[in-house]
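Please open the model in your viewer and keep the sequence panel beside it. The tour moves from the whole chain to single side chains.

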Amino acid sequence: MDATRHTSAILSVSGLSIEYRTERGTLPAVRNATLDIAPQQSLGLVGESGSGKSTLAMGALRYLPENGRIVDGTVRLRGTDLASLSPGELREIWGGQVGIIYQNPLGALNPSLTIGRQLREMGTLHLGLGKRDAFRLGQEMLTKVAMPDPESVLRRYPHQLSGGMLQRCVIAMALMTEPSLLIMDEPTTALDVTTQAVVLDLVRELKRDLQAAILYITHDLGVVARICDRIAVMYAGEIVEMAPTRALFKRPRHPYSLSLLGCVPHFDLSAEKRTLVTITGAIPHLDALPPGCIFAPRCRFARERCTASPPPLTEIEPGRSCACYRWSEVPPPEDEVGEQTRVIRTRGAGVPTGDVLLQADDVYVALKASGRSLELRRQKARVHAVDGVSAFIRPGDTLGLVGESGSGKTTFARAIVGLTERTGGQVVLRGRQLEGTVEKRPKEVVREIQMVFQNPDASLNPRHTVGEEIGRPLSLLRGVRGREREQLIGDLLASVNLPANYSRRYPGELSGGEKQRVAIARACAADPALILCDEPISSLDVSVQGTLMNLLMDRQAQAGTTFLFISHDLSAVEHMSDAIAVMYLGRLMELGPTAEVMRPPFHPYTEALLSALPVPDPDVVQDEIRLGGVVPSATEVPTGCRFHTRCPRCLGELCVRQEPPWQPVGSSHWIYCHIPSAELAADQVGILDRQQGLDSREASR
Amino acid sequence: MINFIVRRLGMVVLMFVLVSMLIFSLTQVLPGDVTTMVLGRFASEQAKAELRSELGLDRSLPVQYGTWLADFARGDWGTSVSLRSEIGPLIWSRLVNSTYLAFVGLMMFAPLGIVLGLFAGLRRGTWIDNGLSIGSLAFIGLPEFVTGLALISLLAIQLDWLPASSAIPPGANFFEILPKLILPGMTVALTSLAYVIRMTRASTVEVMKTDYVRTARLKGLPPHKVLFGHVLRNALLPTVTVIAVSIGWLVGGLIITESLFGYPGLGRLVLSAVQRRDLPLIQATTMVIVVIVMLSNLAADIIYAYLNPRIRY
């Protein structure tokens, strides 16, 4: 049985171990990895950063940096042992039989060559085509990946195309030679949700139409649930579990898989705000791996045996293997929610209704057009980054703000905190009108509103210790000095689960998650009423994201802090928020309590975002509503409803000509749309309703 | 692209006007009176006044500037006070000589520097790379009069392969004087070579780390195609620009080298003009050098835009 599997598999890796030689000694980056992928199959390789996913994939192709080498194991591609090939033969495999799609399409394409030139190369190199024929094949491939206007795209340079279009070019390039294996290394991570959905559709179609096997590398459980047939979970260089997708999501058997599923928000529209399951500790360093099971130090199921000797990856049922001694005792994920998480409170029940902490009235921010485009400068064009936004936040609540990149979310937050001066409208905090900039605001007001930025590397001063960083707002805004200051710094560090001795460290000595915790502690140091969190978790690993979201929730429960939580990740926003505002091109499209915004009737834009959301549950059936094109430039906002150029439900003339009204739906829910809410409600299906509908239909059969 | 060049040209003209004002006003505040320089300390006031009006020095400054610039634009650059000869033909012959030397120097360091830099960048961390890095570091700090003297004592005096003096008869053609250009050319090249090597090496190392080079390699391209098709164009971008900018200096700024070898180029002309406080000559030579520097900068901009599609706006 094993032999037949190997011959039918396109890629067959067995016992692969890869080492890096470094100054600190030899690092075993991948250990004893075994996997195979059959034609038309897709295997998801899931794990956090540093788990060795990319090293495994690239090492299998014998593409390693100079200090990396394969120390053990074999890799067969359609039966050929790659180790036996000469460099020349190997190059025929690269590109010829293996197509690779990369994380950052803009970086993966040569900036000074046209798309056509870069596609053509594949044809002339591997297929022996003449330049003209290869060029024509490139055009054909672009058509195949649904590229609009492929002819003109071929003549363009990478910087002239959007991220989604570039990724299509990279995919087209990989497909030129009809490879038998496609390696996709986080192909949608750098893209917007709506673009990601379009690219994922394309990958699904390709999977159906091609014979190729797909190795899909990602950290995003939502994406694997949508794309992959089987999943291999990697942890610190080892595959710890391998299972069919549905089986893994329904009943993970390795404690790490279980925790990984637990630490991502599940988009369950629950009425309570609940913490996520977290994993204590951090991934072990490769030069200090624990002697037994590598996950044992962080595993709550670990027993003496686990720390004594490493559990082998064994088949626990047909098609499923797991490297755990206690896999049969690992509980189903539903039980985890009850036992391992805490309810913070019911959603939207922070305070009596009617009470408002912060109110934004018709806020405008027009920025000078940056960039050096002569045309823009001549018109003295202004970017209407925030174009008339009204919203309010209740004390003790979290308002989630979602939208694609370029929708003006960050500018709105900066206008509230006073880092960017608004050009119109009012911001009112507890009945007091706020001045436009931080400089003009009295200290007391500055103290009340603090901000956590997306990139902690940029927002923490590398030459200040953690203690100085947290101590500054203490002394500047609260006038705390001396021993009391030291005491408070220690308390603040403890509140973000960092030991007190971290106060003497520099940001460079901290991990990404730790830096962001320091940034949160610094924001809390002023004892503010409102903290604006601008994509605070986007740059972090999933397990760290979970911990940080818990931290924010706990802070809210204990100190009653109000949050504006900005994210492009709808499931994180759904998880965190009491109310949600959906923003598009500088204006809100919808505003209301979380449960209402996430259920029909919703704005067509909200509907499209929800449809694009990769829900980490393979059973959820989503509508395929896809937005074409990109967000229009904020220097030329479309007439009428600004969403009409991309709206799948656009009514025509009315939407093009006239600005839509703010329709009230219920007591505190508004939709900015011409279509009557009753009509929307009749035509729209919620994500979770669809699943239940299907289940009941199937049950009745 | 045309639009881009036109705009850059406009800026060159504007810059030229500003610099010409600067040159004009600088020479006005230069210490020493021209008339005293020319006529000697014991000249009568009347003789001085006559010379002033002859030179136009008695008119108002804006008028002086206007006539001066107009004359300059017309090619009427006046007469050298110290050499008592027409400035136009004088500068022209020196410019030709300087161009010869610049060309020889450029040919010595540009191709070699690029090749060595690429080599070091591609073989990063090997003994070749380390050797080149240390060697070029050593040369980058050496002034031209040290390298020049060392070359003279070695190649001209000890080995007697090349002439030590580069004095040449006026109007000689390029191939007649080529042997005399080699030593000063080498002196110039040694200083710039190290710079070009280090620059090329750094950008090659940078480009080799990029994702698109990884893409090119994993397309299955053989190493030479990766190098010529994908690495070179991006890696040479900064180097080519720096070389183009350096042309201005090569033509107009080799004062030390030219003096050392007694080579009649523009640099030496500037030096003697300054030493003798020859105002018209200082102005004219400086203006010519400014034009050369600005044109070489313009060339660098255009080459950069041509090689880099991202800045064609």
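What follows is a series of selections, each with a note on what is there.

This is a predicted model, in which local features need pLDDT of at least 70 and side-chain atom pairs count only at pLDDT 80 or more, while totals for chains, interfaces and linings use all residues. Residues are numbered from 1 along each chain as its sequence is written, chains are lettered from A and ligands numbered from 1 in the order in which they are written, and side-chain values use heavy atoms, with hydrogens and water left out.

**Select chain A**

In cartoon view, chain A shows 28 helices and 26 strands; these are DSSP runs numbered from the N terminus, with helices (H or I) of at least four residues and strands (E) of at least two. The C-alpha trace spans about 75 × 65 × 60 Å along its principal axes. The radius of gyration of chain A is 26 Å, which agrees with the value near 27 Å that a compact globule of 701 residues would have, where the radius is taken over C-alpha atoms and the rule is 2.2 Å times the number of residues to the power 0.38.

Colour next by accessibility: 57% of the 701 residues count as buried, a word used for under 20% relative accessible area, with exposed over 50% and partly exposed in between (1.4 Å probe, protein chains only).

**Select Y256(A) and F295(A)**

How are the two rings of Y256(A) and F295(A) arranged? Their centres lie 5.3 Å apart and their planes stand at 65°, so the pair is edge-to-face; rings of Phe, Tyr and Trp (its six-membered ring) pair if their centres lie within 6.5 Å, and planes under 30 degrees apart count as stacked, over 60 as edge-to-face and the rest as tilted. The pair links distant parts of the chain, since Y256(A) is in helix α12 (residues 255–262) and F295(A) is in the loop between β11 (272–274) and α13 (304–308), 39 residues apart. Y256(A) is buried at a relative accessible area of 0%, and F295(A) also counts as buried, at 1%.

**Select T245(A)**

T245(A) lies in helix α11 (residues 245–250) and counts as buried at 4% relative accessibility. Leaving aside neighbours within four places in sequence, T245(A) is in contact with residues including C228(A), R230(A) and P618(A), contact meaning heavy atoms within 4.5 Å.
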